[in-house]
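Subject: Structure for your attention

Dear colleague,

Please find the structure below, followed by an account of what was found in it. I would be grateful if you kept it open while reading.

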Amino acid sequence: MAEMGSKGVTAGKFASNMQKKLTRAQEKVLQKLGKADETKDEQFEQCVQNFNKQLNEGTRLQKDLRTYLASVKAMHEASKKLNECLQEVYEPDWPGRDEANKIAENNDLLWMDYHQKLVDQALLTMDTYLGQFPDIKSRIAKRGRKLVDYDSARHHYESLQTAKKKDEAKIAKAEEELVKAQKVFEEMNVDLQEELPSLWNSRVGFYVNTFQSIAGLEENFHREMSKLNQSLNDVLVSLEKQHGSNTFTVKAQPRKKAKLFSRLRRKKPSDNAPAKENKSPSPPPDGSPAATPEVRVNHEPELAAAATPGAALPKSPSQPAEASEVAAGIQSAAGAQEPGDTAAGEAASNSLPAVVVETFSAVNGTVEGSSGAVRVDLPPGFMFKVQAQHDYAATDTDELQLKAGDVVLVIPFQNPEEQDEGWLMGVKESDWNQHKELDKCQGVFPENFTERVQ
């Protein structure tokens, strides 16, 4: 019987709740259609808007704070991995190993302390602050439902009073229900009218405390971390001073086309080609105006003096007048030679320099073209000069052997497809001045071993 009674109470309560929901739904429809007036409180509506805004701001702040804490955790892990890497590469015989390990331990503890304090002083406070919003939000919703009940009871009481046939019993019951609904609504309304403005004003103090805590914790963290970083820097400076003589070995980039290029160099197209006929025109008769030989003047005074005794040599290429006089003197000396001295004259002219003075006329002995203009005798296709900054030991027959300080004249590859990235073609300046033949002294070399000087 007790069970039957319990089920009856439950069923009755359920039916009562369903009836209230239907009554509220009917009242809202009538209000929207304008057939029933609605009790409004503009001041309370403003409080509700402020409440929703405050809730949204707090939720966003909580989300961003959690993201910040996740970032701190990630930075802690990254810093820990970095310090572990330093401990692994720091060899036992290096000075300051124990200090570096201690710094790494303090670094880890500092990150953990910073994260925990952020949780205690910021995140937990944030959670407590937002914990009061769900209850107030449910009370605001309940206050709205009670307001609808109050309006419904009021409209029902008014309709009974205005009816043509008045039923005093129904009117009395409707009045009793109206007083009850009004009392419940006003109690809830009064409480919320006091709490919502107070909650809205509390946001200022909460934001100040929260961000002051975060700023203070971050300031202390970075101050302590700066001290650890300075200590680590001192340890590394001490290590550098004791091992500063160890230089970093420069390595060349690997050559993908090295073997192919070596085969091409060893097998030149000219090796199997037939000899070409000498199509040089025969020299014109003596005294002909077309006889305009080039005269090469050596920068080395002792060689030039041995070739033309008694002739004055130019001191530098910047003295064109003296160069012209030397050229004229050489020509007149050549004209005064006996037939038996021709070989000696040719030998003397071969010892003359790599700087070319403009051609002069055999008739009047004057220099043609720009007076005193000179040019450096460079290999065909010369692009620029580089100087070796490190020694390089050649690993193939087509590579140049370099010593620090060697000057290399850079020339283009005959076939650009043979050039590897980071490698250049050239000839050492000393070899070029000695041989004047690219086939004997050209080769490839790593660009990162050199520095451009011209």
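Glu186, Glu187, Asp191 and Glu194 together form a negative surface patch. A patch is built from residues with over 30% relative accessible area and no salt bridge, where like charges are joined within 9 Å and nonpolar side chains (Val, Leu, Ile, Met, Phe, Trp, Tyr) within 5 Å. Lys and Arg count as positive and Asp and Glu as negative, while His and the chain ends are not counted. The place of a charge is taken as NZ of Lys, CZ of Arg, CG of Asp or CD of Glu. Accessible areas come from the Shrake-Rupley method with a 1.4 Å probe, and for residues only the protein chains shown count as cover.

This is a predicted model, in which local features need pLDDT of at least 70 and side-chain atom pairs count only at pLDDT 80 or more, whereas totals for chains, interfaces and linings use all residues. Residues are numbered from 1 along each chain as its sequence is written, and side-chain values use heavy atoms, with hydrogens and water left out.

Helices (H or I, at least four residues) and strands (E, at least two) are DSSP runs, numbered from the N terminus. Asp191 counts as partly exposed because its relative accessibility is 38%; the terms are buried for under 20% relative accessible area, exposed for over 50%, and partly exposed in between (1.4 Å probe, protein chains only).

There is also a positive surface patch, formed by Lys28, Lys32, Lys142 and Arg145. Helix 1 (2-33) and helix 4 are the elements that give two or more residues to this positive patch. Lys32 sits in helix 1 and, with a relative accessible area of 76%, is exposed.

I turn next to the salt bridges. Side chains of opposite charge can pair when their charged atoms come close. A salt bridge here is a side-chain nitrogen of Lys or Arg within 4 Å of a carboxyl oxygen of Asp or Glu. How many salt bridges does the structure hold? There are 12 salt bridges.

One of them joins the side chains of Asp127 and Arg66, at 3.4 Å from N to O. Asp127 lies in helix 3 (residues 97-131) and Arg66 in helix 2, so this pair ties together parts that are 61 residues apart in sequence. Asp127 is partly exposed at 25% relative accessibility, and Arg66 is partly exposed with a relative accessible area of 43%.

Helix 4 (residues 133-162) holds both Asp135 and Arg139, which are 4 residues apart, about one turn of the helix. These two residues form a salt bridge whose closest N and O atoms are 3.9 Å apart. Asp135 is partly exposed at 46% relative accessibility, as is Arg139 at 22%. Asp135 and Arg139 are also linked with Glu195 in a network of salt bridges.

Glu158 and Arg154 likewise meet in a salt bridge through their side chains (3.8 Å, N to O). They are separated by about one helical turn because they are 4 residues apart in helix 4. Glu158 is partly exposed, with a relative accessible area of 37%, whereas Arg154 is buried at 13%.

Where does Arg203 lie? Arg203 is in helix 5. Arg203 is buried yet has no salt bridge, and Glu57, the nearest side chain of opposite charge, is 5.0 Å away. A polar atom of the Arg203 side chain lies 2.6 Å from the backbone oxygen of Trp200.

Is His76 buried or exposed? With a relative accessible area of 6%, His76 is buried. His76 is part of helix 2 (residues 42-89), and its side chain makes a polar contact with the side chain of Asp108 (2.5 Å). A polar contact is a pair of N or O atoms within 3.5 Å; within protein, one must be able to donate a hydrogen and the other to accept it, and residues adjacent in sequence count only if both atoms are side-chain atoms.

Finally, two loop residues deserve mention. Thr39 is in the loop between helix 1 and helix 2 and is partly exposed at 27% relative accessibility. Thr39 and Val148 are 109 residues apart in sequence and 8.5 Å apart in space, C-alpha to C-alpha. His390 lies in the loop between strand 4 (384-388) and strand 5 (407-411). His390 and Glu451 are 61 residues apart in sequence and 9.9 Å apart in space, C-alpha to C-alpha.

Yours sincerely
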